[in-house]
Amino acid sequence: MSSPKPTLGFPTRTAAIEHLRTEGITAAQIARKIGIDVKSVSALEASAARKRGTERPIRQAAPSTSKQHTVCIDNDVLRTLRPHAAKRGLSVNALARLLLATVADDNLVDALLDDGDA
């Protein structure tokens, strides 16, 4: 087991991640801020949730002042995402939001679609 790694003024990366999550920051944004892979963010959150004896990591809904829109996603797609969401301790909707935010934040639309419009 590795020793705690102080991060962003917190005693551990996990503490930093949990604090940033309560502020509504996405895993992708946290990963970039800390300098780790987004999968590491999810893994640290899941580990902390298990230690607390809860199934889900600490989350706070996005502030109501933010502009949000509804996106309809086919039920077959949501069913496909379900095991991936469960593995990360997320709802399917939270995983879908995270995926869309990551694609947009990391400018991956053209890379994913590979439709020649790059």
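The model is predicted: local features need pLDDT of at least 70, side-chain atom pairs count only at pLDDT 80 or more, and totals for chains, interfaces and linings use all residues. Residues are numbered from 1 along each chain as its sequence is written, and side-chain values use heavy atoms, with hydrogens and water left out.

Start with α4, residues 75–87. Helices here are DSSP runs of H or I with at least four residues, numbered from the N terminus. α4 has 13 residues and spans 19 Å from first C-alpha to last. That is close to the 18 Å expected at 1.5 Å a residue, taken as 1.5 Å times one less than the number of residues.

At the start of α4, a side-chain oxygen of Asp74 comes within 2.8 Å of the backbone nitrogen of Asp76. Further along, α4 bends by about 35° at Leu81. The bend is the angle between axes fitted to the seven residues ending there and the seven starting there. Pro83 follows within four residues. Just after α4, Gly89 has a positive phi of about 70°.

Leu78, Leu81 and Ala85 are the buried residues of α4; buried means under 20% relative accessible area with a 1.4 Å probe, protein chains only. Their cover includes α5 (92–105).

Now the largest nonpolar core. This core is a set of buried Ala, Val, Leu, Ile, Met, Phe, Trp, Tyr and Cys residues joined through side-chain atoms within 4.5 Å. The largest has 20 residues, and Ile17, Ile30, Ile34, Ile36 and Val41 have the most contacts inside it. α1, α2, α3, α4 and α5 each give two or more residues. α5 gives the most, with 5.

Definitions and conventions:
Buried means under 20% relative accessible area, exposed over 50%, partly exposed in between (1.4 Å probe, protein chains only). Contact means heavy atoms within 4.5 Å. A polar contact is a pair of N or O atoms within 3.5 Å; within protein, one must be able to donate a hydrogen and the other to accept it, and residues adjacent in sequence count only if both atoms are side-chain atoms.
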